[in-house]
Amino acid sequence: MPMNAEQKLEVIERYGKDAQDTGSAPVQVALLTKRIEELSAHLQNHKKDHHGRRGLLMMVGKRKRLLSYLERTDYDAYKELIANLGLRR
């Protein structure tokens, strides 16, 4: 089931500076992580959904680029974010 507006707002409030902060790197990474988890669960049930798999790979690549940017610019925020999201990196 896709993320609804309430769940999205909750993620933005948790990882953003305020409720209007939707574009910062930590918020984008958190939203992508949530979408990746949901799509991964979908692909467990629908193994032949190759278009969805391609979308998943694109989201993982975008998250990786955002995390690399965050690591270069603000290492402490990067470490805190991956700890909170439970990412192995």
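This is a predicted model: local features need pLDDT of at least 70, side-chain atom pairs count only at pLDDT 80 or more; totals for chains, interfaces and linings use all residues.
From the N terminus on, I read the elements of the protein as α-α-α-α. The count is four helices and zero strands; helices (H or I, at least four residues) and strands (E, at least two) are DSSP runs, numbered from the N terminus. Residues are numbered from 1 along each chain as its sequence is written, and side-chain values use heavy atoms, with hydrogens and water left out.

**Overall**

I put a box around the C-alpha atoms along the principal axes and got roughly 40 × 30 × 20 Å. Of the 89 residues in the protein, 34% are buried. Buried means under 20% relative accessible area, exposed over 50%, and partly exposed in between (1.4 Å probe, protein chains only). I also looked up contacts (heavy atoms within 4.5 Å). Among those with a separation of 6 or more, 43% are between residues 24 or more positions apart.

**Core**

Next I checked the largest nonpolar core, which has 23 residues. Such a core is a set of buried Ala, Val, Leu, Ile, Met, Phe, Trp, Tyr and Cys residues joined through side-chain atoms within 4.5 Å. Helix H1 (5-15), helix H2 (25-45), H3 and helix H4 (75-85) each supply at least two of its residues, and H2 gives the most, with nine. Tyr15, Val29, Leu31, Leu67, Leu81 and Leu85 have the most contacts inside this core.

I followed two of these. Leaving aside neighbours within four places in sequence, Leu81 is in contact with Tyr15, Pro26, Val29, Leu67 and Leu70. Leu31 sits in helix H2 and counts as buried at 13% relative accessibility. Not counting residues up to four places away in sequence, Leu31 touches Met3, Lys8, Val11 and Ile12.

**Helix H1**

Which residues of H1 are buried? I found Val11, Ile12 and Tyr15. They cover an arc of only 100° around the axis, so they are on the same side of H1; the arc is that of the directions from the helix axis to the C-beta atoms. On the other side of H1, Ala5, Glu6, Glu10 and Arg14 are exposed. The buried residues of H1 pack against H2 and H4.

**Arg63**

I looked up Arg63, which is in helix H3 (residues 50-73). Arg63 is buried yet has no salt bridge, meaning a side-chain nitrogen of Lys or Arg within 4 Å of a carboxyl oxygen of Asp or Glu. The nearest side chain of opposite charge, Glu37, is 6.3 Å away. (Lys and Arg count as positive and Asp and Glu as negative; His and the chain ends are not counted.) Leaving aside neighbours within four places in sequence, Arg63 is in contact with Val29, Leu32, Thr33, Ile36 and Leu87.

**Aromatic rings**

Rings of Phe, Tyr and Trp (its six-membered ring) pair if their centres lie within 6.5 Å; planes under 30 degrees apart count as stacked, over 60 as edge-to-face and the rest as tilted. By this rule I get one aromatic pair. Tyr75 and Tyr78 form a tilted pair, 5.8 Å centre to centre with 35° between the planes. The two are three residues apart in helix H4, so about one helical turn separates them. Tyr75 is partly exposed, with a relative accessible area of 43%, whereas Tyr78 counts as buried at 3% relative accessibility.
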